[in-house]
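Colleague: I'd like to learn how to read a model like this one. Could you walk me through some of its features?
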Amino acid sequence: MKEVDCISCKQEIPLTGPFVEFECPICGAKIARCEKCRTFGHAYKCECGFEGP
């Protein structure tokens, strides 16, 4: 089974688990966030420098 890493907490997220994946609005890189980090609004930073809540 494949997994992705949460950009905020760096934990591995199973593809079957609750998470969201979207493209960075600046560079288009894939950003994945686990349900916990989304719920609590933990900050994240893309490799291009874009930051979000």
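Colleague: What share of the contacts in the protein chain with a separation of 6 or more comes from residues 24 or more positions apart?

Modeller: A contact means heavy atoms within 4.5 Å. Here, residues 24 or more positions apart account for 27% of the contacts with a separation of 6 or more. Before we go on, this is a predicted model, in which local features need pLDDT of at least 70 and side-chain atom pairs count only at pLDDT 80 or more, while totals for chains, interfaces and linings use all residues. Residues are numbered from 1 along each chain as its sequence is written, and side-chain values use heavy atoms, with hydrogens and water left out.

Colleague: How many aromatic pairs does the structure hold?

Modeller: A pair of aromatic rings is described by the distance of the centres and the angle of the planes. Rings of Phe, Tyr and Trp (its six-membered ring) pair if their centres lie within 6.5 Å; planes under 30 degrees apart count as stacked, over 60 as edge-to-face and the rest as tilted. There are two pairs here. F22 and Y44 are edge-to-face, at 6.0 Å centre to centre and 70° between the planes. F22 sits in strand β3 (residues 19–23) and Y44 in strand β5 (residues 44–45), so this pair ties together parts 22 residues apart in sequence. Y44 also pairs with F50, in a tilted arrangement with 6.4 Å between centres and 55° between planes.

Colleague: Is Y44 buried or exposed?

Modeller: Buried means under 20% relative accessible area, exposed over 50%, and partly exposed in between (1.4 Å probe, protein chains only). Y44 is buried at 9%, whereas F22 at 27% and F50 at 25% count as partly exposed.

Colleague: And where is K10 found?

Modeller: K10 is in the loop between β1 (3–5) and β2 (12–14). This residue is exposed, with a relative accessible area of 58%. Its phi is near 70°, a positive value in a residue other than glycine.

Terms used: Helix = DSSP H or I, 4+ residues; strand = E, 2+ residues; numbered from the N terminus.
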